[in-house]
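I opened my notebook to look up how this chain is put together. My notes follow in the order I made them.

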Amino acid sequence: MYQKNNYKVGIMGGTFDPIHYGHLVIAEQVRERFLLDKVIFVPVGKAPHKEGVEVDKFDRFNMVKLAIESNSNFEISSIEIDKHKKTYTIDTIKELKNNIDAEIFFITGSDAILMIDTWKDYKELLSLVKFIGATRPGVKKKQLENKINEIYRDVGEKILLTSIPKLEISSTDIRRRVKNKKSIKYLLPEKVEEYIYSKSLYLIKK
């Protein structure tokens, strides 16, 4: 990977089941706002916090790859996909830091910030990377600020917040629409839409 000083790299983890324009808008706006040189998407292999991921990890990886191929500032890593056991962010970040000579930012939704103290070794994790929380519908700003202040008092690390234009797009809704034979056009990149239909993903209710 990178062996260049003064690089600023954003890590965007997620199940991406499937990836959609909401994810891409967050990544691009954070990249621009925080002057990041790259954003690396890291699809989760086997997430400890999320049960019921609907499609195979390799399909999720392929969909992310298709979604970001037109943006030279985006990359993808298979670091978690390649593992056969549950993966934890702290372990992924440590491994990435061994290969990236750069300041690392971890991009996540504000809903995840509210639960960050349930993550494995979250205090150490906060000391290793700068967290950027992107606002999401349904999360109250005051509740979020209180949580960030609580973490700062407890750990001494400040989580950065950024407002992202509200897009009413979710992976859950896309999966539901596919199952119900509704259009998913303009909710995600066309190549991802084509991939979903070519592989008959999300058609079977789980």
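**Entry 1**

I started with S1 and S2, which run parallel and are joined by six bridges. The model is a predicted one. I looked for a facing pair and found Gly-10 opposite Val-39 in S2.

S2 pairs with S3 over three bridges, in the parallel sense. Here Ile-40 stands opposite Glu-75 in S3.

I also looked at strand S1 (residues 7-14) and strand S4 (residues 102-109). Six bridges join them, and they run parallel. Tyr-7 stands opposite Ala-102 in S4.

**Entry 1: the whole sheet**

In what order do the six strands lie in the open sheet? I read it as S3-S2-S1-S4-S5-S6, with parallel pairing. Strand S3 (74-76) and strand S6 (160-162) stand at the edges. Each has a single partner strand, so one side of each is left without a neighbour in the sheet. The twist averages 30° from one strand to the next.

I then looked for a helix on the sheet. Helix H2 (residues 57-68) packs there and touches strand S2 (38-43) and S3. The direction of H2 makes about 165° with that of S3.

Are the residues of S2 buried or exposed? I found six of the six buried, so S2 is largely enclosed by the rest of the structure. I noted the two faces separately. Lys-38, Ile-40 and Val-42 are on one side. Val-39, Phe-41 and Pro-43 are on the other. Both faces are covered.

**Entry 2: a histidine in H1**

I picked His-23, which lies in helix H1 (residues 21-33). His-23 has 16% relative accessibility. Buried means under 20%, so His-23 counts as buried. What is His-23 in contact with, leaving aside its neighbours within four places in sequence? I listed Met-12, Phe-16, Pro-18 and Ser-171.

**Entry 3: salt bridges**

Side chains of opposite charge can pair when their charged atoms come close. I counted 13 salt bridges.

The side chains of Lys-94 and Glu-124 meet in a salt bridge, at 3.1 Å from N to O. Lys-94 lies in helix H3 (residues 89-97) and Glu-124 in helix H5 (residues 122-128), so the pair ties together parts that are 30 residues apart in sequence. Lys-94 is partly exposed, with a relative accessible area of 36%. Glu-124 is partly exposed too, at 33%.

Lys-147 forms a salt bridge with Asp-117, and the closest N and O atoms are 2.6 Å apart. Lys-147 lies in helix H6 (residues 141-155), while Asp-117 lies in the loop between helix H4 (110-113) and H5. The pair therefore ties together parts that are 30 residues apart in sequence. Lys-147 is buried, with a relative accessible area of 12%. Asp-117 is partly exposed, at 31%.

Arg-176 and Asp-173 meet through their side chains at 3.6 Å, N to O. Both lie in helix H7 (residues 171-179). They are three residues apart, about one turn of the helix. Arg-176 is partly exposed at 46%, and Asp-173 is partly exposed at 23%.

I also checked for shared partners. Salt bridges join Asp-117, Lys-147 and Glu-150 into one network.

**Entry 4: stepping back**

I ended with the whole chain. How many helices and strands does the chain have? I counted eight helices and six strands. From the N terminus on, the elements run β-α-β-α-β-α-β-α-α-β-α-β-α-α.

I compared the radius of gyration with a compact globule. With 206 residues, such a globule would have a value near 17 Å. The chain has 17 Å, which agrees. The C-alpha atoms fill a box of roughly 50 × 40 × 35 Å, taken along the principal axes.

Of the 206 residues, 48% count as buried.

Conventions. Residues are numbered from 1 along each chain as its sequence is written. This is a predicted model: local features need pLDDT of at least 70, side-chain atom pairs count only at pLDDT 80 or more; totals for chains, interfaces and linings use all residues. Side-chain values use heavy atoms; hydrogens and water are left out. A salt bridge is a side-chain nitrogen of Lys or Arg within 4 Å of a carboxyl oxygen of Asp or Glu. Helices (H or I, at least four residues) and strands (E, at least two) are DSSP runs, numbered from the N terminus. Buried means under 20% relative accessible area, exposed over 50%, partly exposed in between (1.4 Å probe, protein chains only). Two strands pair if DSSP finds at least two bridges between them. Axes are lines fitted to C-alpha atoms, for helices over the stretch in contact, and angles run from 0 to 180 degrees between N-to-C directions. Contact means heavy atoms within 4.5 Å. The radius of gyration is taken over C-alpha atoms; the globule rule is 2.2 Å times the number of residues to the power 0.38.
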